[in-house]
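Biologist: Please show me the chain and its model. I would like to ask about it step by step.

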Amino acid sequence: MESQEIRERLSQNIKKYRKRKDWSQFQLAESAGISEQTVNSIEGLRLWPSDNTFAKISNALEVDLYKLFVPQKFDMHSESIVDLKHAVVKTVESLIHDTLQDWEDQ
């Protein structure tokens, strides 16, 4: 799985959960305490959110964070579970690395 696929999956899922609440990007941004431009950039594949932004979005949407990475058409009998595991592990490792880097830079 390529990083672009992960970004696309994240974008699709944020849109899906946002639309389930019948929210605009502005309403999600307001509820999450982030800018509308941030939501637009994440959904538009131009921005990878920080761990703090991930938490704010998942809390606002009232979904567990991992659900933002689950494939739209999740087939329990395919290799999707393995792909999901690798994507989540890669994402978490990246978030940990970035957070540690930020602490070191301070």
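The questions and answers below go from the overall fold to single residues.

Modeller: This is a predicted model: local features need pLDDT of at least 70, side-chain atom pairs count only at pLDDT 80 or more, and totals for chains, interfaces and linings use all residues. Residues are numbered from 1 along each chain as its sequence is written, and side-chain values use heavy atoms, with hydrogens and water left out.

Biologist: Which pattern does the chain follow, read along the sequence?

Modeller: Helices (H or I, at least four residues) and strands (E, at least two) are DSSP runs, numbered from the N terminus. The chain has 5 helices and 0 strands. Read along the sequence, the pattern is α-α-α-α-α.

Biologist: What is the radius of gyration of the chain?

Modeller: The radius is taken over C-alpha atoms, and the globule rule is 2.2 Å times the number of residues to the power 0.38. For 106 residues that rule gives 13 Å, and the value for the chain is close to it, so the chain is as compact as a globular protein of that length. Its radius of gyration is 14 Å.

Biologist: What does the C-alpha trace span along its principal axes?

Modeller: These spans describe the C-alpha trace of the chain. Along the principal axes they come to about 40 × 40 × 20 Å.

Biologist: How many of the residues in the chain are buried, as a percentage?

Modeller: Buried means under 20% relative accessible area, exposed over 50%, and partly exposed in between (1.4 Å probe, protein chains only). The chain has 106 residues, and the buried share of them is 34%.

Biologist: How many salt bridges does a search of the whole structure find?

Modeller: A salt bridge is a side-chain nitrogen of Lys or Arg within 4 Å of a carboxyl oxygen of Asp or Glu. One of them joins the side chains of E43 and R18. Another joins those of E62 and K21. The search of the whole structure finds 2.

Biologist: How many residues apart in sequence are the parts that E43 and R18 tie together?

Modeller: The side chains of E43 and R18 meet at 2.8 Å, N to O. E43 lies in helix α3 (residues 36–43) and R18 in helix α1, so the pair ties together parts whose separation in sequence is 25 residues.

Biologist: Are E43 and R18 buried or exposed?

Modeller: Take the partners in the salt bridge between E43 and R18. Both residues are buried.

Biologist: What is the C-alpha separation of K21 and E62?

Modeller: Their side chains form a salt bridge at 3.2 Å, N to O. E62 lies in the loop between α4 and α5 and K21 in the loop between α1 and α2, so the pair ties together parts 41 residues apart in sequence. K21 is partly exposed because its relative accessibility is 26%. The C-alpha atoms of K21 and E62 are separated by 9.7 Å.

Biologist: Where does D22 lie?

Modeller: Phi of D22 is near 60°, again positive in a residue other than glycine. D22 is exposed because its relative accessible area is 66%. It lies in the loop between α1 (3–20) and α2 (25–32).

Biologist: Which helix gives the most to the negative patch?

Modeller: Patches are made of residues with over 30% relative accessible area and no salt bridge: like charges are joined within 9 Å, nonpolar side chains (Val, Leu, Ile, Met, Phe, Trp, Tyr) within 5 Å. D51, D98, D102, E104 and D105 gather in a patch of negative charge on the surface. E104 is exposed, at 60% relative accessible area. The helix that gives the most, with 4 residues, is α5 (residues 80–105).

Biologist: What is the area of the nonpolar surface patch?

Modeller: V92, I96, L100 and W103 make this patch. I96 sits in helix α5 and is partly exposed, at 47% relative accessible area. Accessible areas come from the Shrake-Rupley method with a 1.4 Å probe; for residues, only the protein chains shown count as cover. The patch covers about 410 Å².

Biologist: What separates the C-alpha atoms of F26 and Q37?

Modeller: F26 is in helix α2 and is partly exposed, at 43% relative accessible area. F26 and Q37 are 11 residues apart along the chain. Their C-alpha atoms are separated by 8.6 Å.

How values were computed. Lys and Arg count as positive and Asp and Glu as negative; His and the chain ends are not counted. The place of a charge is taken as NZ of Lys, CZ of Arg, CG of Asp or CD of Glu.
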